[in-house]
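The following note concerns aromatic contacts and strand pairing. Please read the numbered points alongside the model.

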Amino acid sequence: MPKRTRFTIWRPLATAAAAALMAMFLVPTTAQAGPGASGPRESTPVYSYDNAVREAVWVDTGLDLDRDGSHDRVAVDIVRPREAAAEGRKVPVIMDASPYYSCCGRGNESQKKTYDASGNMVQAPLYYDNYFVPRGYAFVGVDLAGTNRSDGCVDVGGRSDILSAKAVVDWLNGRAKAYTTRTGTTTAKATWTNGRTGMIGKSWDGTIANGVAATGVKGLRTVVPISAISSWYDYYFQQGAPLYDSGPDWLSDYVDSPDARAKCGAVQQMLVDGAPRTGDWTPLWTERDYVKDARKVKASVFAIHGMQDLNVRMKHLGQWWDALAKNGVERKIWLSQTGHVDPFDFRRADWVKTLHRWFDHELLGYDNGIDREPMADIERHPDQWVTSKVWPPRGTDTTALRPAKGTQAGVGSLGLRPGKGTETFTDDPQHSETDWATQIDASTPDKAGFTTGPLTRDLRLSGSSEVTVTATPSTSTAHLSAVLVDLGPDTIRDYAASGEGISTLTDRTCWGASTTGDSACFKETKARTADVDHTVVSRGWADLGNHASDKGVPLTPGKAYTITLDLAATDHVVPAGHRLALIVAGTDKDLIDPPSSKPTLTLDLSRTKARVPLVGGAGAFARATAGAPSAAPAAEPLDGVTSAPRPAHRIPEGAR
């Protein structure tokens, strides 16, 4: 396990007397102890949700991004147990900082904040308040600067986004000022909390949690980022290849409040100027890269991500996870087969139970054993989960797999020995990874595909891959895609369909207490599945002009260039009888934008390889392919998921 530096006060080094004294101030009065336990193991719903304190404060961020001459204040809506405050009992905080509370809503049902005549929150979106406030927590919903009832401007993951949320953590710990109104001078103090804060949220909200954790702010004990961004450059580009036809200026305008739109023209122009569509790395992206600051993270991290998330792609999870591991951060992870979906909507009962135990351990200090359980939960098939003691598992080793020519053009083999010769393909922006995999055994002009024979044993990939390509282009611009594919029949979550792997039902289940204005009951979901003949396991893209640095240059036609493409993290078992394939091609339709030309690219197979994290390493690959017959061409195309049309603009949110 990684080093554990945060829990000294909870460990047996503390005296029994000190532990008893802490329990007096930290534990809900009727929290129950498990059988044989020496202390409480689970918080229980002992406080009234209907009678909870509901209030709002505005926290001073110390910034003036809207340039009105006053510090920007962010609106903080609070729901907390009244009885705890009356008893002088200080409670920890669960915090969701979001830009979406008024423009777009949160969760599968797009809930927004609602308010009473006094301006206090009536409905807090999602179930965090309904479930946790009765159990002795406060819930805090923060409007990011420039959104809903907050001052300032949205700068899409930059200083304003992160510092406006960090200021709230500082206020909860007595280090920042807050006021009872947006423009008044009456101050408010957070005397009701012990300052122990856990941040949670999906997509942009989870991204803010990552960014605040990367500041190292004191008092932030844990973050639970769900489908979250770790570096904003990688939301818009990958190694120079544009992923979307818009930039952060569009996204800022999308969530800005009307007041912010009127005042934030300078910030909008800064986003335009700092994020050129060339794909070059600029100082704007450095400011929005949280991975580089992983060494500052003091909070534990419970990360959740869909392995088929094509909005906030798995590259974000992989690079963040690896950086946290390198710096000894305590971690836990769930990996689903879904796209951009909250675990509340793909594994609801287990999720609420696990999150409850996580917060009890991290914020209340309960020794409930969750830190000694397997680190990872992984969805192998729809609604079928396995665990892994650590992730990636011990014994995982990066193994070089090399493509070799076959008897047909563009149809070769994949093994441990270096190949020889070349393969050639021409970029066709009308085709996608699904088209390539469907025709993997056919010679087509738009891709080069390489496969193993049918495996004789299961082969598990766990972690992040990379593909090094040496390619000679025929034009001055070229984009590349590299895809790992499991060739074989399976039933998977249909991540390309509406819902990205789930269907929403009409029945509701309830998770916590309700009031007239805030129901704890939400629509149930079920897995939406597809029967397929192939499954894309991992993917990555690059502009070949970025071969030498993070700034692209024009290519010289006829000259060979070498570039390494980063592929998204995954955890996937290729079963015995299936084949593993590597595909190298040009534009991946709907996932990257095409270059200005349609180049023909020639691969040097002797200088092309995939480095794949295999459990058991090269030995496992050799055993799984030993005695395997050569791959016979498929009798007909191999069906996969049906690609869904891409909206003109994506936002780091759920499908709507």
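1. Phe 302 and Trp 351 are both buried, where buried means under 20% relative accessible area, exposed over 50% and partly exposed in between (1.4 Å probe, protein chains only). The model is predicted: local features need pLDDT of at least 70, side-chain atom pairs count only at pLDDT 80 or more, and totals for chains, interfaces and linings use all residues. Residues are numbered from 1 along each chain as its sequence is written, and side-chain values use heavy atoms, leaving out hydrogens and water.

2. The ring centres of Phe 302 and Trp 351 are 5.6 Å apart with planes at 55°, so the pair is tilted. Rings of Phe, Tyr and Trp (its six-membered ring) pair if their centres lie within 6.5 Å; planes under 30 degrees apart count as stacked, over 60 as edge-to-face and the rest as tilted. Phe 302 lies in strand 14 and Trp 351 in helix 12, so the pair ties together parts that are 49 residues apart in sequence. Helices (H or I, at least four residues) and strands (E, at least two) are DSSP runs, numbered from the N terminus.

3. By this rule the count comes to 26 aromatic pairs. For Trp 204 and Trp 232, the centres are 5.6 Å apart and the planes at 70°, so this pair is edge-to-face. Both residues are buried, and they belong to one aromatic cluster, whose members include Tyr 100 and Trp 285.

4. Strand 10 (residues 193-202) has 10 of its 10 residues buried. Strand 10 runs parallel to strand 11, joined by six bridges; strands pair if DSSP finds at least two bridges between them.
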